Amino acid sequence: MSRTKFYYYALEFEPFLILAIVLCLGLALGPATAGAVRRSVGAGLVGAYLLVVLIMFWYFYPILAAGIISYQDWWSHIWYRAGNGWV
């Protein structure tokens, strides 16, 4: 069954988004001349961010890959439910 995919809109700005994220992670990490404590805290923050990104990708992968999931599983992925929600 074919369906419309709108992800191609993101392809134009995706390289710039990746560059912006990497530059922000570099700022959080700190300069090479910074002290060991500053670099350790920065590395911890960057590592925690990357871990959260990987966990979120794993959690939403069935939807991103257009897998078949149950209605209850689909509903658990909808986090914004104010009123009737936007879905």
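Is Tyr71 buried or exposed? Tyr71 is exposed, at a relative accessible area of 62%; buried means under 20%, exposed over 50%, and partly exposed in between, with a 1.4 Å probe and protein chains only.

1. Basis. This is a predicted model, in which local features need pLDDT of at least 70 and side-chain atom pairs count only at pLDDT 80 or more, while totals for chains, interfaces and linings use all residues. Residues are numbered from 1 along each chain as its sequence is written, and side-chain values use heavy atoms, with hydrogens and water left out.

2. Overall content. The protein has 3 helices and 0 strands, and its pattern along the sequence is α-α-α. Helices (H or I, at least four residues) and strands (E, at least two) are DSSP runs, numbered from the N terminus.

3. Of 87 residues, 8% count as buried. The accessible surface is about 7500 Å², with 74% of it belonging to carbon and sulfur atoms; areas come from the Shrake-Rupley method with a 1.4 Å probe, and for residues only the protein chains shown count as cover. Among contacts (heavy atoms within 4.5 Å) with a separation of 6 or more, 12% are between residues 24 or more positions apart.

4. Helix H2. H2 has 29 residues and reaches 39 Å from its first C-alpha to its last, close to the expected 42 Å at 1.5 Å a residue; the expected span is 1.5 Å times one less than the number of residues. At Trp58, H2 bends by about 35 degrees, and Pro62 follows within four residues. The bend is the angle between axes fitted to the seven residues ending at a residue and the seven starting there.

5. The whole structure contains 3 aromatic pairs. In one of them, Phe57 and Tyr61, the ring centres are 5.6 Å apart and the planes at 55 degrees, so the pair is tilted. Rings of Phe, Tyr and Trp (its six-membered ring) pair if their centres lie within 6.5 Å; planes under 30 degrees apart count as stacked, over 60 as edge-to-face and the rest as tilted. Phe57 and Tyr61 are 4 residues apart in H2 (residues 36-64), and therefore separated by about one helical turn. Phe57 is partly exposed at 47% relative accessible area, and Tyr61 is partly exposed at 44%.

6. Aromatic pairs, H3. The rings of Tyr71 and Trp75 have centres 6.3 Å apart and planes at 15 degrees, so this pair is stacked. Tyr71 and Trp75 lie 4 residues apart in H3 (residues 71-76), about one helical turn. Trp75 is partly exposed, with a relative accessible area of 30%, whereas Tyr71 is exposed.
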